[in-house]
Amino acid sequence: MAEDAFAEALENRDGLLWVKRGLTDDSYKKYVNRNVPGHSDDNFNLATFGDSLLKFALTSLLLDRREQLSKARQEYESDMVLVTVIGKHYRIADYMLYDRNDRNIATDYVWSPKEPSKGKSKKSRNDDNSHKHIATAVEGVLGGIYKEHGDLGEILEIVRRWIDMIDSERSISKAVRHPDLLRNAV
């Protein structure tokens with residue numbers, strides 16, 4: 001039995017067309033179109049939809065809990081957090097469809113920004129990260145779950161669980177960096 005609706009969607013991805021699309025990286029679409037006749041949809045637009053759902057859910061859940069709502073929300077929706085906490089927890093790279101021959105696609109969950117290429121302007125901090133596809137898949141699956149079930153309550157429950165995971169991860173990281181905090185707490 002799956003631990004939550006997000007994990008259940010990953011396990012049942014083959015029967016859920018929107019979730020499978022959420023897991024399909026652009027590199028896979030190019031690979032399929034190059035090697036297999038037919039058409040394959042990628043997760044780019046669905047991830048944009050999932051990102052909007054994530055922002056809505058975070059805003060709803062954090063509205064009365066945080067003073068600086070937009071700043072607090074950013075702590076939970078960054079690509080780095082989606083990769084290192086959420087993606088890692090669900091091992092989402094194991095479920096993703098992508099071109100396995102593309103060496104520029106990272107399959108671990110260690111956030112490591114790449115250096116910007118010479119002569120190219122850097123659009124944002126996340127554009128040159130080899131892990132961005134993992135964050136995109138997390139958002140794509142979230143959008144896919146909503147498209148499959150149309151249940152905003154389910155999205156809110158998934159994101160509520162993510163907030164708890166992220167907060168727990170931060171507490172552990174803080175304790176590791178500052179062990180004296182643990183001694184003082186006991």
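**Helix α6 and its surroundings**

Guide: Helix α6 (residues 79-90) packs against helix α7 (residues 132-149) at an angle of about 75 degrees. Their axes are 8 Å apart. That angle makes α6 roughly perpendicular to α7, because 65 to 115 degrees counts as such. This is a predicted model, so every value here is computed from predicted coordinates.

Now the residues of that contact. From α6 come Asp79, Leu82, Val83, Ile86 and Gly87. They meet Lys132, Ile134, Ala135, Val138 and Glu139 of α7. By class, the contact of α6 with α7 holds six nonpolar residues, one polar and three charged.

Next, burial along α6. The buried residues of the helix are Asp79, Val81, Leu82, Val83, Val85, Ile86, Gly87 and Tyr90. Asp79 is thus a charged residue on the buried list, because Asp counts as charged.

Take Ile86 on its own. Neighbours within four places in sequence are set aside here. Isoleucine 86 is then in contact with Val81, Val138, Trp162, Met165 and Ile166. Val138 belongs to the α7 side of the helix pair. Ile86 also stands out in the largest nonpolar core, which has 43 residues. Phe6, Ile86, Ile92, Val159 and Trp162 touch the most other members of that core. α1 (5-11), α4, α5, α6, α7 and α8 (152-177) each supply at least two of its residues.

α5 and α6 pack at an angle of about 45 degrees. Their axes are 6 Å apart. That makes α5 oblique to α6. Glu75, Tyr76 and Glu77 in α5 meet Asp79, Val81 and Leu82 in α6. This contact divides into three nonpolar residues, no polar ones and three charged.

The axes of α4 (residues 44-62) and α5 (residues 69-77) come within 10 Å and cross at roughly 125 degrees. α4 and α5 are therefore oblique to each other. The crossing is right-handed. On α4 the contact uses Leu54, Lys55, Leu58, Thr59 and Leu62. On α5 it uses Leu69, Ala72, Arg73, Tyr76 and Glu77. Sorted by class, the contact of α4 with α5 has six nonpolar residues, one polar and three charged.

Phenylalanine 44 is in α4. It is exposed, with a relative accessible area of 57%. The C-alpha atoms of phenylalanine 44 and threonine 136 are separated by 7.2 Å, yet these residues lie 92 apart along the chain.

Back to α6, and to what follows. Arginine 91 comes after the helix, and its phi is positive, near 50 degrees. Arginine 91 is not a glycine. Most residues other than glycine have a negative phi. Arginine 91 sits in the loop between α6 and α7. Its relative accessible area is 47%, so it counts as partly exposed.

Further along that loop is threonine 107. At 45% relative accessibility, threonine 107 is also partly exposed. Apart from residues up to four places away in sequence, it touches Ala93 and Tyr98. Its C-alpha atom is 8.2 Å from that of isoleucine 134, 27 residues apart along the chain.

Histidine 133 is found in α7. Histidine 133 counts as buried, at 9% relative accessibility. Beyond its neighbours within four places in sequence, histidine 133 is in contact with Asp25, Met96, Ile105 and Ala106.

Last, the setting. The chain comes to nine helices and zero strands. Of its 186 residues, 39% are buried. Among contacts with a separation of 6 or more, 64% join residues 24 or more positions apart.

Terms used
Residues numbered from 1 in each chain as written. Predicted model: local features only at pLDDT ≥ 70, side-chain atom pairs only at ≥ 80, totals over all residues. Heavy atoms only, no water. Axes fitted to C-alpha atoms, helices over the stretch in contact; angles between N-to-C directions. Helix = DSSP H or I, 4+ residues; strand = E, 2+ residues; numbered from the N terminus. Parallel < 35°, antiparallel > 145°, perpendicular 65-115°, else oblique. Left-handed = near helix turned anticlockwise from the far one by under 90°. Contact = heavy atoms within 4.5 Å. Buried < 20%, exposed > 50% of the residue type's maximum accessible area, 1.4 Å probe, protein only. Core = buried A, V, L, I, M, F, W, Y, C linked by side-chain atoms within 4.5 Å.
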